[in-house]
Amino acid sequence: MDLELEGKVAVVTGGGGAICGSIAAALADEGVHVVIWDISRKAAEQRSRDISSSGGTAIAQACDVTDRAGVQRAGRETIAACGTVDILINGAGGSRDETTTSAELDFFSIDPDDMQRVIGLNYLSAVIPSQFVGRIFADKGKGAILNISSIAGTRPLSRALTYSNAKAATNNFTAWLAVHMAQNYSPRIRVNAISPGFMLTEQNRFLLIDRMTGEYTERTQKAVRAKAAHPRLHRAQTGVSNERILQSHIAHRPCPSSLHL
Ligand SMILES: NC(=O)c1ccc[n+]([C@@H]2O[C@H](COP(=O)([O-])OP(=O)(O)OC[C@H]3O[C@@H](n4cnc5c(N)ncnc54)[C@H](O)[C@@H]3O)[C@@H](O)[C@H]2O)c1
């Protein structure tokens, strides 16, 4: 598949994790220079080593994408190392048990400070890097931003209160930014989101797997039956969907209005 991405530079936030690590590897396979921004230096460096040992080009930068000063620092270092940015994947995010109702935590007791943190992690995490990289795209008149949302953003996930709310905000932000960049800077700046279903990763293990038995929880079994989750739950790491993601949302190819994975 030649998507004409060879030599481009992509910042992938949360690229030390499962979904965006897999997307980062797929980009590198297309000849893209990948820059991993992840709060975990260890995860970012490991991903970057894996990509390099498979013949790709990647560098790692420790960065909290909810912190504006940290993003600006990582952005300056990225420009110093790579010269520009062509693609931004906003993937850092995740659900947290502090804002998810459970037998131990009812809705009435959820702490607004915890809600602020989860909103930061799943909404501002897309906005703040888009401010830094979006300015570069505005100057160049082109670029692609892809936000990793969730099906929870269009249909609230039971129990996961703030995660669902924040992903809904990210969907709304995506549509807003797409129009804003096209109207004010260039129609060649693309802003899209994808909404994955359930995939087993460290951030949602507490929801999907019973801690005591190691079996799928009742909600996981329901999600598999409703086809909101792949029966193997690890689809993110197989790379099955990455080709479609790159083709539809990163390369300049005809693009569906939304892509539910
Ligand atoms: N796993 C799923 O079922 C699922 C479903 C739909 C959407 N998503 C979304 O996909 C994205 C990736 O999730 P994943 O499942 O691969 O999770 P993951 O936990 O494997 O990866 C998340 C990565 O983000 C990093 N990160 C966390 N906070 C950060 C911060 N403040 N700044 C920079 N990096 C930070 C983590 O260190 C980790 O490497 C998230 O936005 C998540 O909400 C996941």
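Is the crossing of helix 3 and helix 4 left-handed or right-handed?

## Helix packing

In this predicted model, the crossing of helix 3 and helix 4 is right-handed. Helix 3, which covers residues 68-82, packs against helix 4 at an angle of about 40°, and the two axes lie 10 Å apart. Since angles under 35 degrees count as roughly parallel, helix 3 and helix 4 are therefore described as oblique to each other.

Helix 4 also packs with helix 5, which spans residues 161-184, and here the axes come within 8 Å and cross at roughly 15°. Helix 4 and helix 5 are therefore roughly parallel to each other, and the crossing in which helix 4 passes helix 5 is right-handed.

## The β-α-β unit

Strand 2 (residues 33-38) pairs with strand 3 (residues 57-62) in the parallel sense, and 6 bridges join the two strands. Within this pairing, histidine 33 has threonine 57 of strand 3 as its bridge partner.

Together with helix 2, which is formed by residues 41-53, strand 2 and strand 3 make up a β-α-β unit that is right-handed.

## The ligand shell

The ligand is surrounded by 31 residues, of which Gly14, Gly17, Ile19, Gly93 and Thr201 are the closest. The elements contributing two or more residues to this shell are helix 1 (18-29) and helix 4 (112-140), so that helix 4, which packs with helix 3 at an angle of about 40°, also takes part in the surroundings of the ligand.

Sorted by class, the shell around the ligand consists of 13 nonpolar, 15 polar and 3 charged residues.

Terms used
Residues are numbered from 1 along each chain as its sequence is written. This is a predicted model: local features need pLDDT of at least 70, side-chain atom pairs count only at pLDDT 80 or more; totals for chains, interfaces and linings use all residues. Two strands pair if DSSP finds at least two bridges between them. Helices (H or I, at least four residues) and strands (E, at least two) are DSSP runs, numbered from the N terminus. A crossover is right-handed if, with the strands pointing away from the viewer, the path from the first strand over the helix to the second runs clockwise. A residue is near a molecule or strand if its C-beta atom, placed from the backbone, lies within 6 Å of it. Ala, Val, Leu, Ile, Met, Phe, Trp, Tyr, Cys and Pro count as nonpolar, Asp, Glu, Lys and Arg as charged, and the others, Gly among them, as polar. Axes are lines fitted to C-alpha atoms, for helices over the stretch in contact, and angles run from 0 to 180 degrees between N-to-C directions. Angles under 35 degrees count as roughly parallel, over 145 as roughly antiparallel, 65 to 115 as roughly perpendicular and the rest as oblique. A crossing is left-handed if the near helix is turned anticlockwise from the far one by less than a right angle, and right-handed if clockwise.
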